[in-house]
Amino acid sequence: MDKLTEQKPGLLLRLARFPLIFLAILYVVLTYLYLSGYFFRTSFTQGPMQGLAASAMACAMMLIMYAALVYYFERRNVSELLVAPMVSELGVGLLLGFGLYSLCILILIGLGVYRIEGVNAWQVLLPGLAAPLATGVFEELLFRGGVFRIAEKWFGTWIALLISSLVFGLVHLENDAATMRGIVSISIWAGVLLAATYVLTRRLWLGIGLHAAWNYTQGTVYSGIVSGNQAPTSGLIKSTMQGPDWLTGGAFGVEASVIALLVCTAAGATMMVMAVWRGNILPPLWSRARDGDAGAA
């Protein structure tokens, strides 16, 4: 047995292993790395490739520190970041993120809400890569690797789904054009969809790919508003959006649209059904303890 696991942990370490304290540590470390990458990228890099390299470095540091913190405090292998399926699951996630948002746009085109006015040069696609990549890694490590996973360990999959969805929605309140419709919508569909990627695979790669591709496709490809933040001015597709807020999403963007709510919730629910079939649903801790006692008897 490893000597580290044989030694009785000190008081500070035992306190740090308390779920809320561990989440606070995780939040501080990941936020520091994420913002450091952002400030370095916006202040010291020149050109999209340097910006992407800086973002990739910040992502690597966030992944390494997440793995280090989990290994040190939880004393386990970090299976949610298993390297072997990384490429395939990231790839599927990227396709899902692009496909789901594109499906929303196709429906809005069919309804006469989204209109394509022209196309910019393909080079506009490069500068928009850095931010969605960093955000996808940061938010999936924090909200699915942290909030959802730890809540699930204590309260089971279904209650953790509710908790993490509420937390994920509420953090978007600070966005520039946050609306109650947007917060409710993103809490429901994004909370279900992104948690489902973790429950289905028991890893974070699928969600990272989906999250990054959704944000990138939304802003850089279709020139849309991302989660109530300022709309990009140089997306690939020049477009206009006209219609009621419940269809367009209003100032929050398509994420607050009933179209995104229906499409993405359906996708998330499908993945949750697949997770049930795979036996990936975790009951609450008290239920597992009771079952264990019954088994021992």
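In helix 8, the residues Trp189, Leu193, Leu194, Thr197 and Thr201 meet Leu206, Gly207, Leu210, His211 and Trp214 of helix 9, where a contact is a pair of heavy atoms within 4.5 Å and where helices (H or I, at least four residues) and strands (E, at least two) are DSSP runs numbered from the N terminus. Sorted by class, this contact of helix 8 with helix 9 has six nonpolar, four polar and no charged residues; Ala, Val, Leu, Ile, Met, Phe, Trp, Tyr, Cys and Pro count as nonpolar, Asp, Glu, Lys and Arg as charged, and the others, Gly among them, as polar. The axes of helix 8 (residues 180–201) and helix 9 (residues 205–221) come within 8 Å and cross at roughly 150°, an axis being a line fitted to C-alpha atoms, for helices over the stretch in contact, with angles running from 0 to 180 degrees between N-to-C directions.

The model is predicted, and for that reason local features need pLDDT of at least 70 and side-chain atom pairs count only at pLDDT 80 or more, while totals for chains, interfaces and linings use all residues. Residues are numbered from 1 along each chain as its sequence is written, and side-chain values use heavy atoms, with hydrogens and water left out. The protein has a mean pLDDT (the predictor's confidence in each residue, from 0 to 100) of 91, and 93% of its residues reach 70 or more. Over residues 1–6, by contrast, pLDDT stays under 50, and for this stretch the model has four contacts beyond four places in sequence.

The aromatic residues come next. Rings of Phe, Tyr and Trp (its six-membered ring) pair if their centres lie within 6.5 Å, and planes under 30 degrees apart count as stacked, over 60 as edge-to-face and the rest as tilted. By this rule there are twelve aromatic pairs. In one of them, the ring centres of Tyr101 and Trp214 are 4.9 Å apart and the planes stand at 90°, so this pair is edge-to-face. Because Tyr101 lies in helix 5 (residues 86–110) and Trp214 in helix 9, the pair ties together parts that are 113 residues apart in sequence. Tyr101 and Trp214 are each buried, a word that means under 20% relative accessible area, with exposed over 50% and partly exposed in between (1.4 Å probe, protein chains only).

Tyr114 and Tyr222 also form an edge-to-face pair, at 6.2 Å centre to centre and with 80° between the planes. Here Tyr114 belongs to strand 1 (residues 114–119) and Tyr222 to the loop between helix 9 and strand 2 (237–241), so the pair ties together parts that are 108 residues apart in sequence. Tyr114 and Tyr222 are both buried. Ring pairs link Tyr101, Tyr114, Trp189, Trp214 and Tyr222 into a cluster, and among these residues Trp189 and Trp214 take part in the contact of helix 8 with helix 9.

A ring also meets a charge: the charged end of Arg144 sits over the ring of Phe168, 4.6 Å from its centre, the criterion being NZ of Lys or CZ of Arg within 6 Å of the ring centre and within 35 degrees of the ring normal.

Returning to helix 8, Thr201 lies in this helix and counts as buried because its relative accessibility is 13%. Not counting residues up to four places away in sequence, Thr201 touches Glu89 and Leu206. Arg202 is found in the loop between helix 8 and helix 9, where its phi is near 60°, a positive value in a residue other than glycine; at 22% relative accessibility, Arg202 counts as partly exposed. Ser223, in the loop between helix 9 and strand 2, likewise has a positive phi, of about 55°, although it is not a glycine.

Thr220 lies in helix 9 and is buried, with a relative accessible area of 11%. Leaving aside neighbours within four places in sequence, Thr220 is in contact with Val124, Leu125, Gly128, Gly235 and Leu236.

Leu63, found in helix 4 (residues 48–74), counts as buried at 19% relative accessibility. Its contacts, with neighbours within four places in sequence left aside, are Leu81, Val137, Leu141, Trp205 and Ile208. The C-alpha atoms of Leu63 and Val137 are separated by 7.8 Å, although these residues are 74 residues apart along the chain.
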